[in-house]
Amino acid sequence: MTDSTRSSWSPALVEASRSFAPRTGYLAACTMGLPMTATLEAQRLDLDTWRTGGTSPIEYGAVVEEARVAYAALVAVPVERVAIGSQTSSMVAVVAAAVPDGTEVICVDGDFSSMVFPFLQQRHRGVRVRSVPLAELADAVSDDTWLVAWSAIQSATGAVADDAAIVAAARRHHVLTLCDTTQAAGVLPVDASRYGVTVCHAYKWLCSPRGAAFLTVSVEAAARLRPVQAGWYAGESVWGSCYGPIMELAPDARAFDVSPAWPVWVGALPALRAFAGLDMTEVWTRASGLGDLLCDRLDIARQGQAIVTWVDPGGDLEALTAAGLTASGRAGRVRIAFHLWNDEDDVEAVAGALRG
């Protein structure tokens with residue numbers, strides 16, 4: 001990445017961009033993020049410390065709490081509204097278990113399966129799952145709907161949802177909202193306070209090790225959910241909750257916590273702190289700007305997205321791979337994702353591989 005490319009960036013964004021390996025040809029943040037130098041250093045130190053018995057669950061717990069604070073700042077909610085998890089589908093399953101018998105859930109056609117399958121597993125209780133195109137989601141919400149669930153950015157297409165319209169429709173009809181921000185947090189501004197529930201896995205745009213995930217739940221939404229995954233980490237006193245039969249859950253979103261995979265959080269914390277310190281509007285402007293620049297070079301309509309996609313009947317993804325670039329394909333489409341480590345040279349590399 002050249003100095004001229006960075007000249008219009010804020011100092012914080014310049015510093016963050018320099019914390020990744022240079023010139024990777026990696027265009028797949030939508031599949032898996034790359035680690036920052038600080039994440040690698042933290043994990044290496046943790047491995048060495050673990051090897052000699054120098055780690056402890058209490059010290060790991062402190063790391064988890066710092067990560068919770070950093071994520072809360074990133075998504076603009078009080079820390080007591082943030083729960084930790086490990087997988088998107090398991091967090092969505094908590095919401096699915098709370099859907100009343102015989103009520104309606106609306107999902108998006110082609111949304112990622114973790115946002116759909118947990119609800120389909122409730123059909124034995126009469127739960128009705130209806131899928132509609134993303135552009136029609138707001139209009140589909142009605143008084144018969146109990147929950148509307150969608151991804152802020154669609155995994156397969158990179159399309160950005162009209163969250164304002166969806167949330168407004170849900171409020172008019174007193175419907176619970178569930179938004180997956182996995183493809184948004186870290187690249188697009190996210191205000192989780194706008195939703196009843198959000199879920200986010202941090203291993204994509206937040207560049208954390210896989211296994212660090214978050215759930216945010218409003219006070220109103222928490223009253224409608226049951227922490228069916230409750231274990232010792234969900235207790236009001238974590239270390240006083242290791243044995244039954246007494247169960248005293250945390251009075252806030254920690255009641256929805258699952259016990260953390262400790263080494264994962266050691267690596268996640270530096271990344272979460274770094275992203276919490278960035279201006280996400282600037283990050284999005286940069287990433288989506290590269291996306292539009294690629295659209296111009298490929299003579300396709302601008303998409304205004306950090307993930308540029310197009311139908312690939314065969315050949316484009318293979319050509320990119322042959323050129324040493326890492327892209328991804330989903331649902332018959334090529335996906336090119338731009339993040340902090342990418343610049344105009346990556347745009348030219350893609351164009352050169354496809355157009356010569």
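Student: What makes us say that S208 is in contact with other residues, leaving aside its neighbours within four places in sequence?
Tutor: Contact means that heavy atoms lie within 4.5 Å, and by that rule S208 touches A202, Y203, A268, A271 and L272. This is a predicted model, in which local features need pLDDT of at least 70 and side-chain atom pairs count only at pLDDT 80 or more, while totals for chains, interfaces and linings use all residues. Residues are numbered from 1 along each chain as its sequence is written, and side-chain values use heavy atoms, with hydrogens and water left out.

Student: Why is S208 called buried rather than exposed?
Tutor: Buried means under 20% relative accessible area, exposed over 50%, and partly exposed in between, with a 1.4 Å probe and protein chains only. S208 has a relative accessible area of 7%, so it is called buried. Its place is in the loop between β6 (197-201) and β7.

Student: What makes the span of helix α10 close to the expected one?
Tutor: Helices are DSSP runs of H or I with at least four residues, and strands are runs of E with at least two, numbered from the N terminus. The expected span is 1.5 Å times one less than the number of residues; α10, residues 262-276, has 15 residues and reaches 21 Å from its first C-alpha to its last, close to the 21 Å expected.

Student: Where does α10 have a kink, and how large is the angle?
Tutor: The bend at a residue is the angle between axes fitted to the seven residues ending there and the seven starting there. In α10 a kink of about 30 degrees lies at A268, shortly before the proline P270. A268 and P270 are among the buried residues of this helix, and those buried residues pack against α3 (37-51), α4 (57-75), β1 (82-85), β7 (213-217) and α11 (280-298).

Student: What makes β4 and β5 paired strands?
Tutor: Two strands pair if DSSP finds at least two bridges between them. Strand β4 (residues 145-151) and β5 have five bridges and run in the parallel sense, so they meet that rule. Within this pair, V148 stands opposite T177 in β5. β5 also pairs with β6 in the parallel sense, over three bridges, where L178 stands opposite V197 in β6.

Student: What makes β5 (residues 176-180) a mostly covered strand?
Tutor: Five of its five residues are buried, with L176, L178 and D180 on one side and T177 and C179 on the other.

Student: Why is the unit of β4, helix α8 and β5 called right-handed?
Tutor: A crossover is right-handed if, with the strands pointing away from the viewer, the path from the first strand over the helix to the second runs clockwise. The β-α-β unit made by β4, helix α8 (residues 163-172) and β5 is right-handed, so its path runs clockwise in that view. Axes are lines fitted to C-alpha atoms, for helices over the stretch in contact, and angles run from 0 to 180 degrees between N-to-C directions; α8 lies across β4 and β5, at about 170 degrees to β4.

Student: Why is one side of β8 and of β9 left without a neighbour in the sheet?
Tutor: Three strands form an open sheet in the order β8-β10-β9, with antiparallel pairing. β8 (307-311) and β9 (328-330) stand at the edges, each with a single partner strand, so one side of each has no neighbour in the sheet. The twist averages 30 degrees from one strand to the next.
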